[in-house]
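I opened the model to look up a metal site and some helix packing. My entries follow the structure.

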Amino acid sequence: MPPRGMMLEMDDVDSDNSVSMTWEIDPASGTMRHKKTGTKVSTDSGITYEGQEYRLSPEDIDLDFDSHLGAGACGVVMKGVIKHSGIPVAVKTVKVDDKAKREQLLNEIRGLIAADGCINLVHWYAGFMSKSTSVVHVALEFMDLGSLADLKKRLGGSGVPPFYLSNITYQIMNGLDYLHKKKMLHRDIKPENILHNRSGFVKLTDFGIAKDLDKTLAMAGTFVGTVTYMSPERCLGQDYSFASDIWSVGMVIYELSTGRYPFADIGSFPVLFDHLCEKPEPRLTPDFPPELVEFDALCLTRDVARRADTEYLLAHPFVTQNVPDVDQLAAWLATFC
Ligand code: ATP
Ligand code: MG
């Protein structure tokens with residue numbers, strides 16, 4: 001096992017194939033400012049590059065190999081820290097075997113960094129590609145409470161109270177609205193890809209990363225009953241659209257409200273197909289507040305033409321009336337985190 005706090009081991013990093021935000025450092029206050037978006041990050045410790053433009057490189061990140069924030073299909077997520085500023089980051093290692101796909105991923109990261117600037121999207125600090133191995137490292141804003149799947153686990157089967165859910169939903173929708181306005185699709189909205197922190201902020205992550213678009217069709221043959229947030233039209237093999245992201249948000253809201261995934265018995269692709277394409281759409285029962293029930297039904301509408309969009313949903317009473325602020329949400333989270 002490598003020593004704790006070791007550097008990101010990227011001596012073979014391809015310098016043409018790394019991207020990062022350009023930061024400006026104010027020597028007087030010790031604050032890092034992202035030039036393009038104006039994002040400021042205050043720091044306590046040693047910034048040495050006074051007044052100079054500063055781009056992240058792999059040597060700038062100390063990795064904590066003992067930390068294991070999570071693991072997904074493509075790799076692991078570890079905690080790290082930007083040395084000069086003390087800013088914590090989550091370093092995600094994405095395994096991409098094919099060189100062309102790795103380059104495509106880096107290009108997408110370039111686009112994502114350019115699109116940065118919404119409080120409800122996880123910030124990307126940098127991406128590094130190794131010349132020799134099949135991995136790309138991505139340095140992301142660290143979210144100290146993990147994902148909404150972790151929140152669900154912490155609640156141990158009970159749902160998120162609708163009062164707090166209204167704020168969480170607003171933040172999810174606001175992040176998605178930002179992407180959609182930039183003509184970007186998320187493509188993989190699920191509780192694991194929505195992160196939250198102790199300050200009460202909720203942020204989407206893993207947007208725009210190259211997704212295997214043949215996955216849906218391939219699934220028909222290899223289905224193992226995995227929980228899925230895919231929309232009916234995707235299940236039918238149609239193209240992914242902005243509306244498909246909205247369906248997935250509806251599924252997540254249903255799950256957070258009730259504490260359980262909407263379809264209890266999916267064990268095979270035909271059963272999932274039946275739920276998504278034949279049976280009535282999932283609906284919250286009337287013991288939930290009517291604004292929440294309606295909001296979720298607007299997302300979980302099978303007919304794509306009638307499904308609401310982000311703009312409409314951001315003006316809905318569920319997320320505009322009697323909504324707590326982030327500090328209230330943070331105070332509630334602190335009661336059990
Ligand atoms: P998939 O392979 O489909 O992406 P996944 O979303 O569960 O599945 P990852 O994206 O690798 O897999 O993330 C795994 C877990 O790591 C997340 O569920 C979350 O708990 C944690 N994680 C990811 N990014 C961060 C972050 N920026 N800050 C804190 N924790 C994170
Ligand atoms: Mg993920």
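**Metal site**

I looked up the magnesium ion (ligand 2) and found Asn193 (OD1) and Asp206 (OD) coordinating it at 2.0 to 2.1 Å. Donors are N, O and S atoms within 2.8 Å of the metal (3.2 Å for Na, K and Ca), and water is not among the atoms, so sites may look incomplete. Asparagine 193 sits in the loop between α3 and β12 (194–196) and aspartate 206 in the loop between β13 (202–204) and α4 (215–222), so the pair ties together parts 13 residues apart in sequence. I noted both asparagine 193 and aspartate 206 as buried, that is, under 20% relative accessible area (1.4 Å probe, protein chains only).

**Basis**

This is a predicted model, in which local features need pLDDT of at least 70 and side-chain atom pairs count only at pLDDT 80 or more, while totals for chains, interfaces and linings use all residues. Residues are numbered from 1 along each chain as its sequence is written, chains are lettered from A and ligands numbered from 1 in the order written, and side-chain values use heavy atoms, without hydrogens and water.

**Helix α8**

I checked α8 (residues 290–299) and found seven of its ten residues buried, among them Leu292, Phe295 and Asp296. Its buried residues pack against α3, α6 (242–258), α9 (310–314) and α10 (317–320), with contact meaning heavy atoms within 4.5 Å. Helices are DSSP runs (H or I, at least four residues), strands likewise (E, at least two), numbered from the N terminus.

**α3 and α11**

I then turned to the contact of α3 (residues 162–181) with α11 (residues 326–334), where the axes are 10 Å apart at an angle of about 120°.

Terms used: Axes are lines fitted to C-alpha atoms, for helices over the stretch in contact, and angles run from 0 to 180 degrees between N-to-C directions. Buried means under 20% relative accessible area, exposed over 50%, partly exposed in between (1.4 Å probe, protein chains only).
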